[in-house]
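Me: Hi! Could you walk me through a structure I have just opened? Here it comes.

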Amino acid sequence: MSDKARYAIERSIPELEDLEKKGLFSKKEISMIVRRRTDFEHRIAGRGSKPRDFLAYVKFEKNVDRLRKKRAERMKEVMDKMPSISTWSISQRILFIFQRGTNKYPSNMELWAGYLKYARSQESVKVVYDVYSKLLSLQPRNVDVWLSGAKWEFEYNKNVKGARALFKRCLRFNIEEERVWTEFIKFELNYLSKLLARRKLLQLVSERQQREDLEEEERKRKKVDENGEEIEDEDILKLEVDDNEINNELNQLPEMNVSTLGSIEDNPVLRGDLVMAIYDVFVATMVKRVESQDKRNCVFRIANNVLSIIDRFDILERTHMCDYIIKDLNARFPTDVPCILLQLTLPLRYLSIKDDDFISGLQQNVKLYQAWYSKSPLDEKIKNEVKPAYAEYISNRFLSVAEGDTEQLLSLLIKKL
């Protein structure tokens, strides 16, 4: 037996003795466990080991732990309920196996994924942070890992600042990845929607109430380690980055530690201005990386993608954000028919045929279109291209679902257009 295998088996002796003392496993079963562990230790220590050997070892230990828990549950009336070494030793061994596996095969994502999944299932926050930190230092160009870490911070730790920090660090290495930018925007919109929904539910009106609520959330979020010391979540996942390698576009992002107090009417952040700042840098970054003839398609693709994301968050001030994006499109491409159509139909974007003010809203929009048609300095050719596009939008959006008098009214309107 090699020294490493002997050392690993000797470390498990107290745990095995405890299992026998509690009556959870017989001597014969413990001997079988020792033989299997010895076999696995030899396999993973050998030169010909594979990542699947570590995964098979983990599977065996999980089965042993599952059996231990079932027997402990069945014998809970007669067994000592005090936690002992066998209560947590197997889970610690599984984490140690994953650690050795990822050290030996740092590029194998199956091992890393299993490591993270198990650490999360055990709620080992410190281990999860350590795994993410090491993995991101090894694979800083792996976007999926960054997004997974940001999701963990936001959804599990309720740490908005930490999630933002991860998105910004991800962009330092992957600034050309559109998916990172769109996920960043989606994250900010998701956070704002949850914040506003919670305020609406709790009826948080005053500044004092909002501040007290935020302070209470901060207290709940803070974690402590095994020694009772506070863990600073937002500072744990750090990577060494050369400032000279950071793109200038990323430095244009505003500071994220902004106040979310106040209401939508008096706080630009709650209206989505921070999201729009990210959008501006996103577009500027991508445009620099495409040929001049492809700039229009690039900007239009990004704008439509972000608009479709905004459409999902009905609690936000969507019209304000959409208006900002559409105005930017029209400023860039003032004679582009799709851009003009987006501007003209913006008031109808979130209007439903079931709304009480549907008829009046549609009439006002038609008047807006007619005023534009008569006063716009654009060429008549462009106006004549916009006219059928506008009528087609009304038809596809409303006429296809209209009934009765509303259907007749829409049919007449489209004919008039």
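**Rings, helices and burial**

Reply: Happy to! The charged end of Arg 296 sits over the ring of Phe 300, 4.3 Å from its centre; a charge sits over a ring if NZ of Lys or CZ of Arg is within 6 Å of the ring centre and within 35 degrees of the ring normal. This is a predicted model, where local features need pLDDT of at least 70, side-chain atom pairs count only at pLDDT 80 or more, and totals for chains, interfaces and linings use all residues. Residues are numbered from 1 along each chain as its sequence is written, and side-chain values use heavy atoms, with hydrogens and water left out.

Me: What lies over the face of Phe 25?

Reply: That would be Arg 71, at 5.0 Å from the ring centre.

Me: And how many aromatic pairs are there?

Reply: The structure holds 17. Rings of Phe, Tyr and Trp (its six-membered ring) pair if their centres lie within 6.5 Å; planes under 30 degrees apart count as stacked, over 60 as edge-to-face and the rest as tilted. Phe 40 and Tyr 57 form a stacked pair, 5.0 Å centre to centre with 10 degrees between the planes.

Me: Nice. What does that pair tie together?

Reply: Phe 40 is in helix α3 (residues 27-45) and Tyr 57 in helix α4 (residues 51-74), so the pair joins parts 17 residues apart in sequence. Helices (H or I, at least four residues) and strands (E, at least two) are DSSP runs, numbered from the N terminus.

Me: Is Phe 40 buried or exposed?

Reply: Phe 40 counts as buried, at 3% relative accessibility, and Tyr 57 is buried too, at 1%. Buried means under 20% relative accessible area, exposed over 50%, partly exposed in between (1.4 Å probe, protein chains only).

Me: Which rings are linked into a cluster?

Reply: Ring pairs link Phe 154, Phe 167, Phe 184, Phe 187 and Tyr 191.

Me: Switching topic: which residues are buried in helix α2?

Reply: In α2 (residues 13-22), they are Glu 15, Leu 16, Asp 18, Leu 19 and Lys 22. Seen down the axis, the buried residues of α2 fall within an arc of 160 degrees, so they line one face of the helix; the arc is that of the directions from the helix axis to the C-beta atoms. Glu 17 and Lys 21 are exposed on the other side.

Me: What follows α2?

Reply: Gly 23, with a positive phi near 80 degrees.

Me: And how many helices and strands does the protein have?

Reply: There are 21 helices and two strands.
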